[in-house]
Amino acid sequence: MVSGVFFTIVCPLIGTIICCGMWLAPLPAVLAAKKNGSLGELNPFPWVAAYLNCIAYVTYSVLLKDYFIWFANVPGLCLAVFYALMSITILARSNLSADHKRMNILIGVLIFGFFLFSILGFAAGLAFVGRDDERERAAAVIGNTGMCFSIMYYFAPLSTAVTVIRTKNSASLYAPMLALNLANALLWMSYGLAIGEVAVFIPNILGVIVSGVCLILSVVIPKREKVPDEPKENVAFDEVSAPQSNPMFATAPVEPIAEQQNVYARL
């Protein structure tokens, strides 16, 4: 009885609180990037993966009538949209073509998520007014969709892991976020196993593995910030444009015209 209460109430309750902290973890870094006008080493793709993940699980929680899953994902949905929009704003001001490509990907994912949310919401509405077996089938379909996006979210940090190992620089791995991901995955894995929901415990088992590996990399491999190039000192215009005298091509000084006229007059 005690273990049942722990895994079905305490774990998801703590998991919901940690989820809110997990969604808030990137906020200082995003605000700093907005102030600096550059994302730097921040990777915006986990945020759009979280956006898709939260859309699916909010709908899934409505069908299951699971308030823990609902309260854990609604703040994440709102903040993921905010982070993605901030990233798009920053990337739009960049002159690099690579940043513009990343911006277009973010915009495309946001549009895709909007249509996905509309379709899932419509399907959930139809299933919610139907029979219980129809609602369970709809929950299974939407849960499997959310499971795919959740796996994408947990695997998103691996997109930079190869670069971290190759460059021996873990600045692109955000350790507080990874630690929260690990704790969050452990709690929701326990809750999913307790209630027997595959769509809950499967992605979180993978989340424990991936978050643990990335967290180890962020601790073992040091962070090295990029040192900006020192600006060159301004050189005076006359120092650059004025030709330097060369003794090989030196000429005799030219006498003023008035002096030349006086010489002719004396002759």
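This is a predicted model: local features need pLDDT of at least 70, side-chain atom pairs count only at pLDDT 80 or more; totals for chains, interfaces and linings use all residues.
Let me begin with one side chain: that of S190 comes to 2.9 Å from the backbone oxygen of L186, a polar contact in the sense of a pair of N or O atoms within 3.5 Å, where within protein one must be able to donate a hydrogen and the other to accept it, and where residues adjacent in sequence count only if both atoms are side-chain atoms. Residues are numbered from 1 along each chain as its sequence is written, and side-chain values use heavy atoms, with hydrogens and water left out.

S190 sits in helix α8, residues 175-195; helices here are DSSP runs of H or I with at least four residues, strands are runs of E with at least two, and both are numbered from the N terminus. Because its relative accessibility is 18%, S190 counts as buried, the classes being buried under 20% relative accessible area, exposed over 50%, and partly exposed in between, with a 1.4 Å probe and protein chains only. Setting aside residues up to four places away in sequence, S190 touches F7 and C11, contact meaning heavy atoms within 4.5 Å.

Turning to the whole chain, there are eleven helices and zero strands, and buried residues make up 40% of the 267 residues. Among contacts between residues at least 6 apart in sequence, 78% join residues at least 24 apart.

Now the interior. A nonpolar core is a set of buried Ala, Val, Leu, Ile, Met, Phe, Trp, Tyr and Cys residues joined through side-chain atoms within 4.5 Å, and the largest one has 53 residues, of which W23, Y51, Y60, I69 and Y153 touch the most other members. The largest share of this core, twelve residues, comes from α3. Leaving out neighbours within four places in sequence, Y51 is in contact with L77, A80, V81, V109, L110, G113 and F114. Apart from that core lies another, of nine residues, including V164, L173, L178 and L217.

Finally, charge. A search of the whole structure finds one salt bridge, defined as a side-chain nitrogen of Lys or Arg within 4 Å of a carboxyl oxygen of Asp or Glu. The partners are D99 and R102, at 3.2 Å from N to O, and both lie in helix α5, three residues apart, about one turn of the helix. D99 is buried, with a relative accessible area of 13%, whereas R102, at 22% relative accessibility, counts as partly exposed.
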